[in-house]
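User: Can you take me through this model? I'd like to start with the surface and then move to the overall fold.

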Amino acid sequence: MSLNKYRIIDLFIYGFILLFMQVVSVIAQYRLTTFFTLSITIVMLIILTVRWGLFALIHAAVVGFVYAFLATQMIDGEKSLLVNACIYGIGNCFIVINVLLLKLMGAERLYSGGWWLILYALVGFVSVIVGRSLVGIFFGEQFITSVKNFATTESLNFIFAIIILFITNKQENMLKDQKEYFLEVRLGGKNEN
């Protein structure tokens with residue numbers, strides 16, 4: 001199998017999981033009418049930034065647009081689809097800061113877990129929250145209010161994200177640059193299982 005084929009399959013699987021969980025999350029939020037939402041969107045984007053770098057932006061935008069469509073229909077009818085699509089689709093793309101952070105801090109530190117993993121998750125959540133809030137400014141949203149609202153709704157997700165990231169990091173090659181992993185398997189003759 002080629003690297004491109006492996007990348008497409010891996011990104012497709014993660015994309016399917018993200019979209020499915022986004023739909024479940026919005027339906028749950030609509031039915032339960034709760035302020036907190038349980039969503040794995042940001043943690044999955046964090047994992048994808050480690051696995052595929054900038055390719056995570058595709059998922060960030062698509063899942064943001066899907067959320068915007070569903071939220072406009074079911075939860076937040078006050079905002080137009082365009083406003084929600086921009087806030088979530090573009091705002092999620094601020095996860096690119098994690099790609100830059102990974103280059104700066106080095107992947108080995110992240111793989112070691114501990115505080116580096118928590119820092120990486122924190123930067124991911126803050127980046128997306130600030131990104132959504134910055135985009136919201138163009139649609140008349142108050143920046144500080146938006147940051148507070150997004151931080152509140154994502155606070156529970158951050159705690160779950162830390163747990164998910166620590167579990168994922170313990171699984172061999174799950175939280176690893178997949179190009180590097182693919183080449184190791186290809187050149188090192190390691191078993192792919």
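**Surface patch and fold**

Analyst: M1, I9, F12, I13, F16, I17, F20, M21 and V24 make a nonpolar surface patch of about 880 Å². Areas come from the Shrake-Rupley method with a 1.4 Å probe. This is a predicted model: local features need pLDDT of at least 70, side-chain atom pairs count only at pLDDT 80 or more, and totals for chains, interfaces and linings use all residues. Residues are numbered from 1 along each chain as its sequence is written, and side-chain values use heavy atoms, with hydrogens and water left out.

User: Where is I17 placed?

Analyst: I17 is in helix α1, residues 3-32; helices are DSSP runs (H or I, at least four residues), and strands are E runs of at least two.

User: Why does I17 count as partly exposed?

Analyst: Because its relative accessibility is 34%; buried means under 20%, exposed over 50%, and partly exposed in between.

User: Switching to the fold, how many helices and strands are there in the chain?

Analyst: The protein chain has nine helices and zero strands.

User: What does its C-alpha trace span along the principal axes?

Analyst: About 55 × 30 × 30 Å.

User: And how much of the chain is buried?

Analyst: Of the 193 residues, 45% count as buried.

User: What is the accessible surface of the chain?

Analyst: About 10,600 Å², and 69% of that belongs to carbon and sulfur atoms.

Notes
Patches are made of residues with over 30% relative accessible area and no salt bridge: like charges are joined within 9 Å, nonpolar side chains (Val, Leu, Ile, Met, Phe, Trp, Tyr) within 5 Å. A salt bridge is a side-chain nitrogen of Lys or Arg within 4 Å of a carboxyl oxygen of Asp or Glu. Buried means under 20% relative accessible area, exposed over 50%, partly exposed in between (1.4 Å probe, protein chains only).
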